[in-house]
Amino acid sequence: MSDPHKAVQIAYAAMEFCNPLSHQTLDRVLRWAPLAPGMRTLDLGCGNGAMSIYLAETHGLTIDAIERSQAVSAIARERLKGRGAPGSVTLHTVEGRAFLEDAEPYELVVAVGASGIVPGPPEPQAMLEALKGYARPGGFVLWADPYWKADPDPGFAAMLAPYGLYKSHVGNIEAGEAAGLELWYAGMSPDYEADDCMFSMYAAARRWLADHPGAPEAADVRGRAEMQRMAYQTFGRDTLGFGQYLFRRPPE
């Protein structure tokens with residue numbers, strides 16, 4: 001039986017960060033966050049674990065990394081072997097909502113490309129209101145998600161609607177402020193990072209297909225890879241960007 005999620009697993013196993021975001025772009029945002037060794041941090045939707053590892057090794061953070069997919073969590077667990085110092089990463093394979101019911105608020109909440117893992121609709125203000133609740137007063141939220149650079153094709157926007165009801169870059173900033181957060185910094189990934197993300201996923205699929213031509217998942221992997229590439233080339237590259245937003249929950 002074919003696995004409809006195989007294409008995602010192939011991409012995540014081959015990639016660094018699972019979003020159009022480089023270490024350099026992330027660092028431009030993080031330089032404005034008062035990070036300190038041991039800072040208690042939540043990485044919601046950690047994917048393959050690469051960002052949690054980077055934050056732990058570069059800044060010494062103590063991280064709870066949440067990933068709900070068993071298959072993707074297995075990739076993260078493999079990557080985490082012998083990694084994380086001088087900080088630490090604890091991987092939790094669980095729905096974020098279930099884990100956070102009893103969790104104490106964090107000093108830093110990280111949610112990068114993690115639409116759909118908090119209660120409410122996949123709409124910026126609703127997501128940020130939920131994320132705010134996971135940060136302690138005076139704590140920070142690093143949220144990164146797509147935004148519309150230009151008016152999108154209606155069909156393309158409808159295709160993405162289950163994953164995110166996106167706004168403009170300024171609209172994302174305003175959504176955070178409407179959620180009661182203070183904006184500290186906002187940035188955007190350059191187009192070449194979006195290209196790298198998209199075509200890294202595509203290349204990973206092509207390489208896997210070349211190595212596994214008779215696999216039962218081959219048709220699904222090929223179809224998904226081609227569909228994503230054409231949607232990106234035709235509709236996405238000129239209209240969809242990826243923004244990073246550092247907010248603070250006001251002290252009480």
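Helices (DSSP runs of H or I, at least four residues) and strands (DSSP runs of E, at least two) are numbered from the N terminus. The model on display is predicted, so local features need pLDDT of at least 70 and side-chain atom pairs count only at pLDDT 80 or more, while totals for chains, interfaces and linings use all residues. Residues are numbered from 1 along each chain as its sequence is written, and side-chain values use heavy atoms, with hydrogens and water left out.

**The whole protein**

Begin with the complete chain in cartoon view. The protein contains 10 helices and seven strands. Its C-alpha trace spans about 60 × 45 × 30 Å along the principal axes. The radius of gyration, taken over C-alpha atoms, is 18 Å, which agrees with the value near 18 Å that a compact globule of 252 residues would have. The globule rule is 2.2 Å times the number of residues to the power 0.38.

Next, show the surface. Its accessible area comes to about 11600 Å², and 54% of that belongs to carbon and sulfur atoms; the area comes from the Shrake-Rupley method with a 1.4 Å probe. Of the 252 residues, 49% count as buried. Buried means under 20% relative accessible area, exposed over 50%, and partly exposed in between, using a 1.4 Å probe and protein chains only. Contact means heavy atoms within 4.5 Å. Among contacts with a separation of 6 or more, 77% join residues 24 or more positions apart.

**The second largest pocket**

Select Glu16, Phe17, Asn19, Leu21 and Asp196. Of the 13 residues that line the second largest pocket, these lie nearest its centre. A pocket is an open set of points on a 1 Å grid over the protein atoms alone, with protein on both sides within 12 Å along at least five of seven lines; lining residues have an atom within 4 Å of a point. The volume of this pocket is about 210 Å³. Volume here is the space filled by probe spheres set on the points, which are joined across faces, edges and corners.

Which helix gives the largest share of this lining? Helix α9 (residues 191–211) does, with four residues. By class, the lining has six nonpolar, four polar and three charged residues. Nonpolar covers Ala, Val, Leu, Ile, Met, Phe, Trp, Tyr, Cys and Pro; charged covers Asp, Glu, Lys and Arg; the others, Gly among them, count as polar.

Now centre on Leu21, in the loop between α1 (6–14) and α2 (23–30). Leu21 counts as buried because its relative accessibility is 6%. Beyond four places in sequence, the residues it touches include Met51, Val112, Glu193 and Phe242.

Asn19 is in the loop between α1 and α2. Asn19 is buried, at 17% relative accessible area. Leaving aside neighbours within four places in sequence, Asn19 is in contact with Val112, Gly113, Cys197 and Phe242.

Move along helix α9 to Arg206. Is Arg206 buried or partly exposed? Arg206 is partly exposed, because its relative accessible area is 38%. Arg206 touches Arg222 and Glu226, not counting residues up to four places away in sequence.

**The enclosed spaces**

Rolling a probe the size of a water molecule over the atoms shows where empty space is left. A cavity is a set of grid points where a 1.4 Å probe fits but cannot get out. The structure holds two cavities of 30 Å³ or more.

For the largest, select Ala111, Ala114, Ser115, Ile117, Val118, Met127, Leu131, Trp143 and Asp145, which line it. Helix α6 (124–134) and strand β5 (135–148) are the elements that give two or more residues to this lining. About 50 Å³ of space lies in this cavity.

The second largest cavity has a volume of about 40 Å³. Its lining includes Leu44, Ile66, Arg68, Glu95 and Ile117.

Select residues 169–178, helix α8, where the buried residues are His169, Gly171, Asn172, Ile173, Ala175 and Gly176. Their cover includes α6, β5, β6 (182–188) and β7 (240–248). Just after α8, Gly180 takes a positive phi of about 90 degrees.

Finish at Pro86, in the loop between α4 (70–80) and β3 (88–93). The peptide bond from Ala85 to Pro86 is cis, with omega near 15 degrees. Most residues other than glycine have a negative phi, and most peptide bonds are trans.
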